[in-house]
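Have your viewer open and your selection tool ready. We will go from stop to stop, and at each one you will be told what to select and what is there.

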Amino acid sequence: VIGGDTVGVFVKSGNYTDWNAGADKDYTYQLGWTNGNYELADTAASESLTTDGMMATLTGHNGTIEKRLLTITDVTRADKEYDGTDGVENAAGNIVLDDRIIAGDNIGLTVSGSYDNENAAAGEDTDALVDHNVSYTLHLDNDNYQLVKTSADGKGTIRRKGLDIVAEPQKINVGEAIPTFTGS
């Protein structure tokens, strides 16, 4: 800039050709400046500049859009009825992520979880249920997002499964002794 001249350069708009995360992305800036005695010049080999009056278009191919990082903010208790396995039912429903997901995006979250064992109680002769440690593994199917951690730990309970006791039908006449019932 010569002498006391001032030149204000401003960006009117800037856009990537698409919004997906990645490296070497194409982009375009619409630029302008405030002093007609000067023109913008391009000195970067990775960009090109075209001017029209006091407006310019700067294009490049080396832009980067980083993946949006997601954090696990809470792990709710896992609860199920005894089924003989250590698998967590609806494991994804127990994982709470931060609110950085763009409205309308499907992040494709899949979660598997397992209790530290498959038992409901510490023994058959106690009513106390086991407070299980639960381990989760998380995966995303959307390349625009990344999990800060792909595993989480929580707690959970396996409720005892109720038993249906069914007696085999018996017939007796009034006044006869009640027979021994059998069943399953």
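Let us begin with a word you need for the first stops: on a 1 Å grid over the protein atoms alone, a pocket is an open set of points where a 1.4 Å probe fits, with protein on both sides within 12 Å along at least five of seven lines, and its lining residues have an atom within 4 Å of a point. This is a predicted model, in which local features need pLDDT of at least 70 and side-chain atom pairs count only at pLDDT 80 or more, while totals for chains, interfaces and linings use all residues. Residues are numbered from 1 along each chain as its sequence is written, and side-chain values use heavy atoms, leaving out hydrogens and water.

**Stop 1: the second largest pocket**

Select Trp 19, Ala 21, Ile 65, Glu 66, Arg 68, Ile 102, Asp 105, Asn 144 and Tyr 145, which line the second largest pocket. Its volume, the space filled by probe spheres set on grid points joined across faces, edges and corners, is about 170 Å³. How many residues of this lining are nonpolar, polar and charged? The lining divides into 5 nonpolar, 1 polar and 3 charged. Here Ala, Val, Leu, Ile, Met, Phe, Trp, Tyr, Cys and Pro count as nonpolar, Asp, Glu, Lys and Arg as charged, and the others, Gly among them, as polar.

**Stop 2: the largest pocket**

Now select Tyr 82, Asn 119, Ala 120, Ala 121, Gly 123, Glu 124, Arg 160, Lys 161 and Leu 163, the lining of the largest pocket. The largest pocket has a volume of about 210 Å³, and its lining holds 4 nonpolar, 2 polar and 3 charged residues.

Zoom in on Ala 121, in the loop between strand S9 (110-115) and strand S10 (131-139). Strands are DSSP runs (E, at least two residues), numbered from the N terminus. Ala 121 counts as buried because its relative accessibility is 12%; buried means under 20% relative accessible area, exposed over 50%, and partly exposed in between (1.4 Å probe, protein chains only).

**Stop 3: salt bridges**

Side chains of opposite charge can pair when their charged atoms come close. A salt bridge is a side-chain nitrogen of Lys or Arg within 4 Å of a carboxyl oxygen of Asp or Glu, and a search of the whole structure finds 6.

Glu 81 is partly exposed, at 34% relative accessible area.

Next, select Lys 80 and Asp 83, whose salt bridge spans 2.9 Å, N to O.

Lys 25 counts as buried at 11%, and Asp 18 as partly exposed at 30%.

**Stop 4: two positive phi angles**

Select Asp 24, in strand S2 (residues 22-33). Although not a glycine, Asp 24 has a positive phi of about 55°, and with a relative accessible area of 58% it is exposed. Then move to Asn 90, in the loop between S7 and strand S8 (95-97). Asn 90 is not a glycine but has a positive phi of about 50°, and it counts as exposed at 61%.

Notes
Helix = DSSP H or I, 4+ residues; strand = E, 2+ residues; numbered from the N terminus.
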